[in-house]
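Please find below a colleague's note on the structure under discussion.

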Amino acid sequence: MQPRNMSMSGVVDLAAVKAAQEAKAKAEQARAEAARQGGGGAVSPADLVVDVDEAGFETDVLQRSTEVPVVIDFWAEWCQPCKQLSPILERLALEYNGRFVLAKIDVDANQMLMQQFGVQGIPAVFAVVAGQALPLFQGAAPEQQIRDTLDQLVQVAEQRFGLAGLTVDPDAEPGAVPTAAPAPVGPYDATLEAAVQALDAGDLGGAIQAYKNVLAEDPGNTEAKLGLVQAELLQRVQDLDPQKVRTEAADRPADVAAQIAAADLDLVGGHVEDAFGRLVETVRRTVGEDRDAARLRLLELFEVVGAEDPRVTAARRALARALF
């Protein structure tokens, strides 16, 4: 069983905004359904820490992650550091009171999941948010570091994906169907949803205009910024002939337009370091308007990947060296 919609090898997921909107829609549908049935959908504290195997991964991790961040603890009985880390994660899952769910996966019994996540050693901790896999840390990290990481995860899940967590009721029966806690409806949700619908229909121009409409009213809207740069990137590459672009870039290293087009294709294909390296080198060997064009495109691609990504940090240092 292959987990779907996951970025296992560091490939840039250009559907992140679409996934965020779909996650919001699913959470809202779940809340509405619970309201129609007259229930609050609260879960028991016992449901915040679950053992997951390959058979239950689809339901217990992928589907659950559309409602609440799922933190995955890869462990084994023989692993001594695991015995230090796992109790901390279990305690924090209860302390965070529904803001994330902890899924424990025994690697000895679930080798396929271990391989699919690219786990090289245990303990290893990942998160899945709206179907997107995120590596968190490996090894028995200090508790404060774990808390800081979880705080960032919860913040990203809420701000980017609209996942406000689960309602926990100490008196609820274990195994109750979880329902996401109500999340505030933003003033631009309808316009952002229109952008997602345009993406679904292949109307990249419509999606771009919808994101621009949001940014015209709210220039700091993170979701619209990310959606815009991703949609513009997809629009730039949709009609390109990859073989022709790469041949021209290889044959004409001084052709800035060719290098920029090849970098776009590199990024869409998940070759992040190649895209960044190509443009940094172009900046290094050009001047004037050509240099500015390469530099500005590189900054746009940084936004697509995300400022927190270590590959962006490394490329920013390389760009600084190239410029100065």
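1. Basis. This is a predicted model, in which local features need pLDDT of at least 70 and side-chain atom pairs count only at pLDDT 80 or more, while totals for chains, interfaces and linings use all residues. Residues are numbered from 1 along each chain as its sequence is written, and side-chain values use heavy atoms, with hydrogens and water left out.

2. The sheet. Five strands form an open sheet of mixed pairing, in the order S1-S3-S2-S4-S5. Strands are DSSP runs of E with at least two residues, helices are runs of H or I with at least four, and both are numbered from the N terminus; two strands pair if DSSP finds at least two bridges between them. Strand S1 (49-51) and strand S5 (132-138) each have a single partner strand, so one side of each is left without a neighbour in the sheet. On average, neighbouring strands of this sheet are turned by 25° against each other, direction ignored.

3. Inside the sheet and across it. Strands S2 and S4 run antiparallel and are joined by five bridges. Val71 has Ala127 in S4 as its bridge partner. Helix H5 lies across S2, S4 and S5, and runs at about 165° to S5. Contact here means heavy atoms within 4.5 Å; axes are lines fitted to C-alpha atoms, for helices over the stretch in contact, and angles run from 0 to 180 degrees between N-to-C directions.

4. The whole structure holds 17 salt bridges, a salt bridge being a side-chain nitrogen of Lys or Arg within 4 Å of a carboxyl oxygen of Asp or Glu. One of them is formed by the side chains of Lys104 and Asp73, at 3.4 Å from N to O. Lys104 belongs to strand S3 and Asp73 to strand S2 (residues 70-75), so this pair ties together parts that are 31 residues apart in sequence. Lys104 is buried at 10% relative accessibility, and Asp73 is buried at 0%. Buried means under 20% relative accessible area, exposed means over 50%, and partly exposed lies in between (1.4 Å probe, protein chains only).

5. Salt bridges between helices. Glu143 and Arg91 form a salt bridge whose closest N and O atoms are 2.8 Å apart. Glu143 is in helix H5 (residues 143-161) and Arg91 in helix H3, so the pair links parts of the chain 52 residues apart. Both residues are partly exposed, Glu143 with 25% relative accessibility and Arg91 with 39%. A further salt bridge joins Arg246 to Asp266, with the closest N and O atoms 2.7 Å apart. Arg246 lies in helix H9 (residues 242-251) and Asp266 in helix H10 (residues 256-268), so parts that are 20 residues apart in sequence are tied together. Arg246 is partly exposed at 33%, whereas Asp266 is buried at 4%. Salt bridges with shared partners also join Arg91, Glu95, Glu143 and Arg147 into one network.

6. The disulfide. How many disulfides does the whole structure contain? The search finds one, where a disulfide is a pair of cysteine sulfur atoms within 2.5 Å. Cys79 is joined to Cys82, with an S to S distance of 2.4 Å. The link of Cys79 and Cys82 is right-handed, with 80° about the S-S bond. Both Cys79 and Cys82 are buried.

7. Aromatic rings. The structure holds six aromatic pairs. Rings of Phe, Tyr and Trp (its six-membered ring) pair if their centres lie within 6.5 Å; planes under 30 degrees apart count as stacked, over 60 as edge-to-face and the rest as tilted. Phe57 and Phe117 form an edge-to-face pair, at 5.9 Å centre to centre and 70° between the planes. Phe57 is in helix H2 (residues 57-63) and Phe117 in the loop between H4 and S4, 60 residues apart. Phe57 is buried at 0% relative accessible area, and Phe117 is buried at 2%. Ring pairs link Phe57, Phe74, Phe117 and Phe126 into a cluster.

8. Backbone details. Ile122 and Pro123 are joined by a cis peptide bond, with omega about 0°. Pro123 lies in the loop between helix H4 (111-116) and strand S4 (124-129). Asn97, a residue other than glycine, has a positive phi near 55°. Asn97 is found in the loop between helix H3 (80-95) and strand S3 (101-106), and is partly exposed at 45% relative accessible area.
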